[in-house]
Amino acid sequence: MITELATTMIKMPSIDYLAILPVLILIGGAVLIMAITAMVPGGLRRDVATAMTVTTALAALISSLVEWHRVLVQGATTTIAHAIVMDGFSVFMAIAVSSCVILASLIGHDYLKREDISSAEYLILALISAAGAVLMASANDLVVIFLALEILSIALYVLVAFNPRRAESGEAALKYFILGGFSSAVFVYGIALTYGATGTTNLTQIVDFLGQNTAQHPGLLYAGLGLMIVGFAFKVAAVPFHFWTPDVYQGAPSPVTGFMAAVAKIGGFAALLRVLLSAFGTQAATWQPIIYALAVASLLLGALLMVVQRDVKRMMAYSSINHAGFILLGVEAATTRGVQAALYYLFAYAIMTVGVFGVITLVSGNGDRDTDIASYRGLLRRSPLLGACLVVLLLAQAGAPFTTGLFAKLGVLSAAVSVGSWPLALIAMVSAVISGFAYLRLTLISVRPVGAPTDVDELGVETGVSAPMHHLGATLMLEEELPTEVEIAHVGVSPVALTGVTLAAAFTIIFGIVPGPLLSLAHAATMSLLG
Amino acid sequence: MTSLLATTVAIPDVIVFAAGAVMIMIGALGVITSRNPVHAALSLILTLFGIAVLFIEQQADFLAAVQVIVYAGAIVVLFLFVIMFLGVDRNEDLDAEPLAGQRSMAFVIVLMAVGAIIALGAEAHWVVGPHSVSGVPGGPYQNVYNLGRSVFTTYLFAFEATAALLVIAVVGAVVLARRSGAANAEQPDGQPENEEVAS
Amino acid sequence: MIHFAPVMLFFPLLGFLVLVTFGRRMGEKASGTIATVAIGLSFVAALITFLGLLGQSNREVTENLYTWIPVGSLHVNIALLVDPLSITMCLFVTFISALIHLYSTGYMHGERDATKFFVYLNLFVFSMLVLVLGNNLLLTFVGWEGVGVCSYWLVSYYFDKDAAASAGKKAFIYNRVGDVGLLLAMFLIFDKTGTLNYLDIFGHLGSFTTLAATMAVLALMLAAAGKSAQIPLFNWLPDAMEGPTPVSALIHAATMVTAGVYLLCRMNPLLSLSPDGRVVIAIIGGATAFVAATIGTSQRDIKKVLAFSTVSQIGFMVLAVGTGAYVAAIFLMICHAFYKALLFLGSGSVIHGLHGEQDIDRMGALRKFMPITFATFLIGWLAIAGVPPFASFWSKGDVLDSVYRHYPALWVLGIITAILTAYYMSRLFFLVFTGKARFDEPAADGRPAIHDPHESPKVMTIPLVVLAVGTLLVAGIDLPWMHAHTLKAFLEPVFTTNLYDPNESSGLQIILAAVDAIMAVIGIAVAWVAWRNGPDRPKLEPKFLANVWYWDNFYDAIIGRPGQRLAQEAARADVAVIDGAVMGAAAVVTKRAQALRRIQTGQVRHYALFIAAGLVAILVFLLVKAFHP
């Protein structure tokens, strides 16, 4: 027996460490922080921990750039028994995720200090979670995608529960955990059925299989595909799998919400794009209608409910649902143009949303209490830089010119139009108009001076008995009197978090004025995904 | 390629499968309907045991053994330990129904989902192709060998990636455990505010 | 000298930046001066550019400033297109803006946040110039949105007034509907031609089928209807009169609202591909002109009358575009800018003198108290009424000539509208300036009597006089017997063969002109008989017209209320289903954990149920797909 085994020695697969370098760096950084925290008496100093995290993320970013160079020279390569792929797409996502980690850890720094929560664990979890997101983008095997998804998610569950003094935090984490577990089960069932239908979990081999075999009755494959889409749709908060979003976004500590909104969406969409376009590209006619329906529902529900929110975090939750709808527009197109637009949108959105939640973190004050839109009154006056950043980021989300938001929306819309999805593009435009209203409302509230008594009512609320002609104007607004006597808390702005927010706003503006580099990056990433 | 229903299956296989499936179902139902958490944990053992039966039915003896030892044995015992330790082994009130019609709707929807998946699978054509653990394992060591080969070749990276999950589990457990301590310290009356999370 | 084009943009932008940074510290007077000087310099730059253009044989110059979007198929430069059309627009926009800025320094004296007013105003002029000078649709869109936002801010300038706040919202929403049209048009055009650059689009017109062209034209018309207040989106404009009067004069009469007409003129080669689209445009224009004119006869607010008059006049411009008489449209636009700015500023002067009174019932006999305002308003009135030899007689005459030739039925409508125009303007004039003074006794509804109405300060009357002189002279830029040398000849290259050439026999032309003149006189005469002595003629102000054809109620019924209900339902569902959990969480410290748990598990179960339902929907779809591929 022994000899028989010896004759068939296991040959270990070759490993290209560069391909997993960003992941290794992120996890390594986390482990390093953990080890040092354990060894240093009294724990790691807060600013040292943040500095280490930023350094780690920067290192991951730089290693991604090295990868980028390699991809440009050699093209896409797979490694570790084809479980990992290094192509422009994965590198693009790694760059996006690393950037978000840098911003989020800067923003988180002040939050943790303010709430007096120990930093190290927060940063460790954020780094590992980010590693999960990067892995989702570079995985070439459904099993690895699933594991990466779990790495990303479980770290997020804990992060959401991170503030022990807020009951909402724990509650949100529990909801997220239960529903996340539910969707993961559905997802993994989808993997099992796909394996049953194709005999492999490797994406490349699935492509080969589907290329060589034309199933007469592809029911099993379809079932697997459908279940996996549900899993991804949950992660990216597409309607009707979005239910956790408002509660969790609101309940989670604000910097965590920003991090989660950005990184989970990047991870979810990265895997979704790779599975649908790369592995199931031949089945596009099957999954396109599903994505279409998800996009329509997300666009409309997100925009509509966004307008009636008073809580800013909740509003941004619906905004993220709306954005998911927009990105799905690009996915649905399933063309080079569409994927490129979706990638660009994803990157732009991630940075914007981290920035917005940075502002929310700073404005909300101790215990994340002041999240009502009335708390934003006169922000521009009270804290000009912070207010200006918020205005930029909100206008960008609305798709204003000279921000990344414009190209993002323009890209997905034109992609949808170019494949003839006229109705979808129209719906998206309508939803952009509706959600634009909510963004503009918050913008104007921030711009108006504190003293003006009815400044919130002016935009948000119809006051008094209105003449019929005013109804149309009131239609889209909050039908609720806002308190005019809201205490305007002093915004405690500290340089570290402000740096994070400013970087996000600067990114949004700079790449809105000079969109070339980012657009060509997205283009190259797309070419390597679709070949 | 052969259709799923057309595949000839030996009668004993069917019987073993049915037995395992029934065990899993009964156990799973027991987990969610038991009033007493201890009973729920015991039902879980039944489910995990049923899975072990299914492994055996597929001649994955090693996995079946691991399943029984690790899951049914160690993990559920740990669960029971915690339940007893925390003293939450009292009956839950499951009759209260905060959302009217929720259960019946859930039942219908789950039935529809399962029905749809079966309907989709029934007409599908199975693949007769190379599976990751290829061939019927014969001989005393083949099972372990194939598993090992799989773990160190095809799924090497997946295997390693679980390490990250373990790191999160450790850190998360520490954070959440400390968190409940902090929360209690904050509240002099010691009333647990969210014990679901803490447990 | 063409290189002066960017300078036009530079000064308003500089003014805006300076004011937004230092405005507060400088105070109202200094900021008003800076704003006015900035626009004045911009006008000078426009003038120099214009002269430079005159000296060129090729009068279509693109000034590339910066390559904005360089990637893939979308290639957008930030570049200015200086051609006869854009420079004509720039000239009158900057000229009138400068005057209105000057006027505002007097009118806004003592207002709260006057500095901010000038900030918005300068930003507006900048955006308007971007709109006009942009060499591609995207840049035009940027300006389009810019003017929209400024308009919105300025309409709700008195935001503590409910009406002003709602009017701002209304303007915003109506304009957004129009913006969807412009976006649609951009996508369609980009889809067909692969570019958004005007000159390149015109080079690729071959790829348009008639249907595609018609769709694009209709989308453009929707955009124009939003911005230029045409049916079905016209009724935001009268509400927009809640803004300060100089804003009404500048944005909601002279410049911004003509942007839609400008867009249609700019896209004239595309319009020429779609006869059906042009018919629709003509009908919309004619109908708007008529409807707004009828409404204008029954309004009692001095600014509302002028607002409906603006809608009506823009209707004429759109009508002209529909018949291919682009030059007539531009000519009318310029004349209208002068006399309507004059009338609005005059009305502002009246309102100022009467301490904020806007109801024409409460005016009368003001010619004794405000001689300069009276004299200038007189000129404006005659100009808009179409009395020869004043501006509107020539410009509206050109429009009607063209309409007569193309759509006789619309010509009849146009003639009726012309009578109505003369009638309602005369009504306004008589009620405000002649007859008996009605302001010196308290009104029935308790408004106090107004004593000592006074003439406005010099800084306000000077612009009035300048505009009055301008109104007298402006018709001279395109008189019918010298078409060859004036505006028409100048604009000809832009419109080339798309331009309708009125080659009626001069006999017919004279008859048509005589008809126009007679109609104007009839309108004035009827108004003289009816309104000379006072305002109590309820029969001449039917409720139907006073209530704007119940247009708002109609929208309210079909869109407003259902939409509101939808939003409310959504909000309620959100409160009941989703907020419940959060409320529960907020109460967690005080309430028992058991109660919370019930809420929590209930909610999560609910969510899980929806997720499962979504899953079933997808699976059922796939089931159908699998068996019916």
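Reply: In chain B of this predicted model, 56% of the contacts between residues at least 6 apart in sequence join residues at least 24 apart. Chain B holds 7 helices and 2 strands, and along the sequence they come in the order β-α-α-α-α-β-α-α-α. Of the 199 residues in chain B, 19% are buried.

Now for the close look. Two packed helices are described by the angle between their axes and the distance between the axes. For helix 1 (residues 11–33) and helix 2 (residues 37–57) of chain B, the angle is about 160° and the axes are 7 Å apart. An angle over 145 degrees counts as roughly antiparallel, and therefore helix 1 and helix 2 of chain B are described as roughly antiparallel to each other. Their crossing is left-handed.

Which residues of helix 1 of chain B make the contact? They are D13(B), V16(B), F17(B), A19(B), G20(B), M23(B), I24(B), I26(B), G27(B), A28(B), G30(B) and V31(B). From helix 2 of chain B, the partners are H39(B), A40(B), S43(B), L44(B), L46(B), T47(B), F49(B), G50(B), I51(B), V53(B), L54(B) and E57(B). Sorted by class, the residues of this contact are 15 nonpolar, 7 polar and 2 charged.

The axes of helix 11 (residues 254–279) and helix 13 (residues 312–333) of chain A come within 12 Å and cross at roughly 15°. That angle makes helix 11 of chain A roughly parallel to helix 13 of chain A, and the crossing is right-handed. On the helix 11 side of chain A, the residues that meet helix 13 are S254(A), T257(A), A261(A), K265(A), F269(A), L272(A), L273(A) and L276(A). Helix 13 of chain A brings K313(A), S320(A), A324(A), I327(A) and V331(A). By class, this contact has 8 nonpolar, 3 polar and 2 charged residues.

Two further helices of chain A are worth a visit. Helix 5 (residues 119–138) of chain A has 20 residues and reaches 29 Å from its first C-alpha to its last, close to the 28 Å expected at 1.5 Å a residue. Since 20 of the 20 residues of helix 5 of chain A are buried, the helix is largely enclosed by the rest of the structure. Helix 14 (residues 336–364) of chain A has 29 residues and reaches 41 Å from first C-alpha to last, close to the expected 42 Å. Here 28 of the 29 residues are buried, so helix 14 of chain A is also largely enclosed by the rest of the structure. After helix 14 of chain A comes G365(A), with a positive phi near 75°.

Finally, chain C. It has 23 helices and 2 strands, and 60% of its 629 residues are buried. Among contacts in chain C with a separation of 6 or more, 79% are between residues 24 or more positions apart. I283(C) sits in helix 12 (residues 275–296) of chain C. With 18 other C-beta atoms within 10 Å, I283(C) is partly exposed, because a buried residue needs 20 or more. I283(C) and L319(C) are 36 residues apart in sequence, and their C-alpha atoms are 7.0 Å apart in space.

How values were computed. Residues are numbered from 1 along each chain as its sequence is written. Chains are lettered from A and ligands numbered from 1 in the order in which they are written. This is a predicted model: local features need pLDDT of at least 70, side-chain atom pairs count only at pLDDT 80 or more; totals for chains, interfaces and linings use all residues. Helices (H or I, at least four residues) and strands (E, at least two) are DSSP runs, numbered from the N terminus. The expected span of a helix is 1.5 Å times one less than its number of residues. A residue is buried if 20 or more other C-beta atoms lie within 10 Å of its own, exposed if 12 or fewer, and partly exposed in between; C-beta atoms are placed from the backbone. Axes are lines fitted to C-alpha atoms, for helices over the stretch in contact, and angles run from 0 to 180 degrees between N-to-C directions. Angles under 35 degrees count as roughly parallel, over 145 as roughly antiparallel, 65 to 115 as roughly perpendicular and the rest as oblique. A crossing is left-handed if the near helix is turned anticlockwise from the far one by less than a right angle, and right-handed if clockwise. Two residues are in contact if their C-beta atoms, placed from the backbone, lie within 7 Å. Ala, Val, Leu, Ile, Met, Phe, Trp, Tyr, Cys and Pro count as nonpolar, Asp, Glu, Lys and Arg as charged, and the others, Gly among them, as polar.
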